[in-house]
Amino acid sequence: MATTALVDPDTGLTQAQLAARHGLRVAGERPSVVEYSRRLWAYRHFIAAYANAKLVASYSNAKLGQLWQVLTPLTNAAVYYLIFGVVLAQNDMPNYIAYLTTGLFIFNFTQSAVLTGTQAISSNLGLIRALHFPRASLPLSTTLTQFQQLLASMVVLIGIVLVTGEPLTWEWLLLVPTLLLQAVFNAGVVLTVARLGSKSTDLKQVMPFILRTWMYGSGVLYSVSLFERLPSWATTLVQYNPILVYIELARYTLMEEAPLLNESLTQLWLVGGGWALLAGLGGFLYFWRGEQEYGRG
């Protein structure tokens with residue numbers, strides 16, 4: 001009786017062909033942008049809970065607890081007012097206190113988000129290596145934590161603005177979209193620096209110098225009219241500085257008289273929206289492209 005030899009159907013196939021044949025995939029494979037966005041949305045409750053936990057933990061060892069969310073920006077404003085408003089005589093500006101605190105609180109939102117976002121990946125390697133979840137959850141939770149702190153700061157800012165004589169108007173409602181645009185911009189920047197920080201731990205040492213330079217170039221502490229002394233190309237460059245744009249939107253909203261480098265409100269909104277779209281979408285795509293790298297090595 002003739003016997004038929006059994007032929008292994010996998011004979012001669014490469015490893016990639018074998019994996020495809022049996023439905024195997026690379027561990028930690030980067031999903032498509034749409035699928036990644038879907039997974040990230042599914043983890044929205046984790047992002048919110050993690051942000052709240054980080055906020056509470058950051059003040060857990062302080063006797064005054066979360067009251068420091070208000071005291072910290074208020075103390076910073078007092079120090080800068082002493083230096084720039086009294087010592088350097090910037091107080092000839094109409095309502096310099098409101099002008100200064102608005103700039104400080106808006107800038108501090110971006111500054112704090114970027115500083116903590118730089119270490120969003122590198123400081124959570126244990127969590128990343130232990131659990132499978134969209135890594136963008138970590139920098140986004142960092143942005144959300146800072147946004148919650150901003151809301152506490154806004155209560156203080158509104159009180160300062162009212163006490164210093166600014167009238168309450170319907171234009172104050174524009175502060176809401178201003179902060180939302182800045183939050184989207186911050187999220188994009190945080191996603192970018194989180195990926196960069198995961199590759200180079202030295203970035204956290206350099207970032208304070210970058211942010212300090214950014215602050216001085218954003219008209220936070222002094223009148224933006226000083227930028228008009230620069231060459232025309234430099235003045236134009238400063239006008240499109242995203243932080244200066246968000247600060248000027250807030251000042252335009254809260255104050256009746258405030259020196260503005262951008263006189264056109266329409267231009268401010270267009271530039272602010274453009275930066276939010278560019279940074280938000282660009283930062284998300286840049287971070288997504290490195291998804292399979294985080295926690296490796």
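Visitor: Which residue lies over the face of tyrosine 99?

Guide: The model shown here is a predicted one. A charge counts as sitting over a ring if, among other conditions, CZ of Arg is within 6 Å of the ring centre. Over the face of tyrosine 99, at 3.5 Å from the ring centre, lies arginine 251.

Visitor: At what distance from the ring centre of phenylalanine 133 does arginine 135 lie?

Guide: Phenylalanine 133 belongs to a cluster linked by ring pairs, together with Tyr43, Phe46 and Tyr50. Arginine 135 lies over the face of phenylalanine 133, and its distance from the ring centre is 4.8 Å.

Visitor: How many helices and how many strands does the chain have?

Guide: From the N terminus on, the elements run α-α-α-α-α-α-α-α-α-α-α-α. The count for the chain is therefore zero strands and, as helices are DSSP runs of H or I, the number of helices is twelve.

Visitor: How are the planes of phenylalanine 185 and tryptophan 214 arranged in their aromatic pair?

Guide: The structure holds ten aromatic pairs, and this is one of them. The ring centres are 6.4 Å apart, with 70° between the planes. Planes over 60 degrees apart count as edge-to-face, so the arrangement of this pair is edge-to-face.

Visitor: How many residues apart in sequence are the parts that this pair ties together?

Guide: Phenylalanine 185 lies in helix α8, residues 175–199, whereas tryptophan 214 lies in helix α9, residues 203–216. The pair therefore ties together parts whose separation in sequence is 29 residues.

Visitor: Which residues lie nearest the centre of the largest pocket?

Guide: About 320 Å³ of space lies in the largest pocket. Its lining is made up of 16 residues, which divide into five nonpolar, ten polar and one charged. Nearest the centre are Lys54, Thr116, Ser123, Thr142 and Gln146.

Visitor: Which element gives the largest share of that lining?

Guide: The elements that give two or more residues to the lining of the largest pocket are α3 (44–58) and α7 (137–163). The largest share is six residues, and the element they come from is α7.

Visitor: What separates the C-alpha atoms of valine 189 and glycine 117 in space?

Guide: Valine 189 is found in helix α8 and counts as buried at 17% relative accessibility. In sequence, valine 189 and glycine 117 are 72 residues apart, while their C-alpha separation in space is 8.6 Å.

Visitor: By what distance are the C-alpha atoms of alanine 152 and proline 73 separated?

Guide: Alanine 152 has its place in helix α7 and is buried, with a relative accessible area of 18%. Alanine 152 and proline 73 are 79 residues apart along the chain, and their C-alpha atoms are separated by 9.6 Å.

Key:
Residues numbered from 1 in each chain as written. Predicted model: local features only at pLDDT ≥ 70, side-chain atom pairs only at ≥ 80, totals over all residues. Heavy atoms only, no water. Phe/Tyr/Trp six-rings, centres within 6.5 Å; stacked < 30°, edge-to-face > 60°. Helix = DSSP H or I, 4+ residues; strand = E, 2+ residues; numbered from the N terminus. Lys NZ or Arg CZ within 6 Å of the ring centre and 35° of its normal. 1 Å grid on protein atoms, 1.4 Å probe; cavity = no way out; pocket = protein on both sides within 12 Å on 5 of 7 lines; lining within 4 Å. Points joined across faces, edges and corners; volume = space filled by probe spheres on them. Nonpolar A, V, L, I, M, F, W, Y, C, P; charged D, E, K, R; others polar. Buried < 20%, exposed > 50% of the residue type's maximum accessible area, 1.4 Å probe, protein only.
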